[in-house]
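Take a look at the model below.

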There are 2 protein chains.
Amino acid sequence: MSVTAAKGFVAAGCHAGIKRRKFDMAMIATEDLQPVSCAAVFTQNKFAAPPVELDRATLNANGGKAAAVIINSGNANAGTGTPGYKNAQLMAAATGEVLQIANSHVLVCSTGIIGTPLPMEPILSHVPKLAKKLSVEGAHDAARGILTTDHLSKEVVIKGSTFTIGGMAKGCGMIAPNMATMLAFLTTDADIPLLVMQKALKAAADATFNTLNVDGAMSTNDTAMLLASGKRGKADHGEFANATLAACRDLTMQMARDAEGMTRMAHLTVTGAHSNEEARIAAKNIVENNLVKCSWYGGDPYWGRLMAAAGSAGVDLNVARSHVAYGGVVVAKAGVGVEHDGDALVEHMLGDEVQIEVHLGTGHGTAKMIGIDLGPGYIKENSKTS
Amino acid sequence: MSVTAAKGFVAAGCHAGIKRRKFDMAMIATEDLQPVSCAAVFTQNKFAAPPVELDRATLNANGGKAAAVIINSGNANAGTGTPGYKNAQLMAAATGEVLQIANSHVLVCSTGIIGTPLPMEPILSHVPKLAKKLSVEGAHDAARGILTTDHLSKEVVIKGSTFTIGGMAKGCGMIAPNMATMLAFLTTDADIPLLVMQKALKAAADATFNTLNVDGAMSTNDTAMLLASGKRGKADHGEFANATLAACRDLTMQMARDAEGMTRMAHLTVTGAHSNEEARIAAKNIVENNLVKCSWYGGDPYWGRLMAAAGSAGVDLNVARSHVAYGGVVVAKAGVGVEHDGDALVEHMLGDEVQIEVHLGTGHGTAKMIGIDLGPGYIKENSKTS
């Protein structure tokens, strides 16, 4: 039951008419409609969408509480200025009214095309319908209601010893023509301090969502939130952080497998960097490099491109101590190709997931990042709005 | 006669057998084989190729002099380590021997696949043949000998009041499967101090070659050099700098039009930035964004993607004072779409070259950059080495 697997939460999804046929709205609420602790992380994009601005302000003002979340897909309400902000407020107000809770306990998320006003009529007329449908069984419908060009809904349940974390998510990064956003909604029945939740969510997002790089584009609407009902008592903080990490990792892999136009995924580890931060910068430069991405699409172990991308990342690189490996097969040392098991290499490169290590030879910093290949499917999905 | 248009230079090109059929070697020399002033700019990539390292060392040691340049295409001699450096030295030595000049007055450039040893037998056996063919008429052959996946050779002649600048270049950035490098060779008969030349070349490269962004990939071999024979006396420094800029600009446009898989070019101007440097960072982030590049391919005026890319560049952005225009048609102000002439917009977007302005609303910094669309042709060219 994903987002309602933890005690104390209900959800619903429906087709409101923003999109032609598919579900395009969802609601999550606490079962007793009481506000609970809510941690959240948002996009760092300075052109953040109005719902992101509103949620930031709401959580800031009320000290991190929410009783309900209203979500629409098909339109990101981004690049919509002051009218867009007012529309986000209207969505919160309509939800607050029908659930009889304070507007300031309602969070709002939108995802879809940028720069087009939200169609408020279908949205507002379906808020009461969503409220009526709220149930534990509504989780799947809610998971469908937040999708954009995703092919499959993305749900997760992690059972801890004294608590459960459930969640749902949609497409990662700005991966599709009309869509902006990764959205992730997690709920738990653990009784856990807000600061611990916030720290766990931030750390988990950095280690999972933020390591998945579909196209280097940072969305205007990215949001991940975690609500805790506290219905099942205290949780061990370490176990809770690990469970949050596991939930985010599971959703991240579901998003990676469903990335637009994706045919092959690369698990890149940069090692031997001057620092972890330099490793992260190099990893980002490598997974965003179109020549590298094209070589993954072609199943081509073109290590020279990896080194060239590392060399242009602006971080320390000691070529003489560097090496590159695909699937554990070292293909280059000190910047020069070396003898290796060609059959093992070919087999590895043609798999769905490629493991790559680039060692920079300057220190002990490491970073992991998941890259997606660049094939014709991506262009087909992204070259036309309509 | 491009690279031999200025008095005092000869050139030649030939097919040595590195590539199957096409010309793959070139030589440039001073007519009297005397060393002349040589300014140069090289890639900033830390995985720079051995010929780049050798040329840097040569010019550093001899105070910026060269009498000849030997060039091969089809193999970049990059990712080849110490043996690669020795091979670059062997190319210089063979050229020095046949021309009877010091090895330290010979520069070496290579372009092509990365990570494969140079085939030295055909290269060394063709150095004497190139030397025999050196002539003023050999410029076209030389321009062919440096090409990789370029469809057309790129040549330019700029006539100043007291001097001529001629030049040739090949493909821009790491735009092709087997290729690494933009190479540009300029010659002039002006008598001009080396420091003035170096400054003019650096400024021109920054304003032209470095504003062309095919795929964000910084090559291992990028090199631009300018040799001055001094055969026609003193040149006005300002006029010389302008002529150098004009020559580089002309070659840059030839490279942009010949970019792999390119169907449409975008002339992006970022204005209203906090500083010119912030404008440059934003421009780079925009032209490298795959969603933006796909929208150019599709002829889609999707301004929200431009703003989203600007918003994620890490520079100051004041959405309330921002605007976006395509071909002078303002489509968004303050982060919101505005009424505009749709017919004019469609017509502009379907042209070969799109003009875009993104105004960040925070200051007076500006930067220009040329972006290339991302279409299926790029992937086709770059997904397989062979």
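**Strand pairing and the sheet**

Begin in chain B, with strand β12 (residues 265-273) and β17(B): seven bridges join the two, and they run antiparallel. The model is a predicted one. One point on this pairing is B:Ala266, which stands opposite B:Gly371 in β17(B).

Now turn to another partner of β17(B). Strand β10 (residues 212-213) of chain B pairs with β17(B) over two bridges, in the parallel sense. Here B:Asn213 stands opposite B:Gly371. In general, the strands of a sheet pair through backbone hydrogen bonds, and the pairing is either parallel or antiparallel.

Is β17 of chain B mostly covered or mostly open? Strand β17 (residues 365-372) of chain B is mostly covered. Six of its eight residues are buried.

Move to chain A for the sheet itself. Seven strands form an open sheet there, in the order β10-β17-β12-β16-β13-β14-β15. The pairing in this sheet is mixed. Which strands of chain A lie at the edges? They are β10 (212-213) and β15 (336-337), and each pairs on one side only.

Two bridges join β10(A) to strand β17 (residues 365-372) of chain A, and the two strands run parallel. Within this pairing, A:Gly371 in β17(A) is the bridge partner of A:Asn213.

Methods
Residues are numbered from 1 along each chain as its sequence is written. Chains are lettered from A and ligands numbered from 1 in the order in which they are written. This is a predicted model: local features need pLDDT of at least 70, side-chain atom pairs count only at pLDDT 80 or more; totals for chains, interfaces and linings use all residues. Two strands pair if DSSP finds at least two bridges between them. Helices (H or I, at least four residues) and strands (E, at least two) are DSSP runs, numbered from the N terminus. A residue is buried if 20 or more other C-beta atoms lie within 10 Å of its own, exposed if 12 or fewer, and partly exposed in between; C-beta atoms are placed from the backbone.
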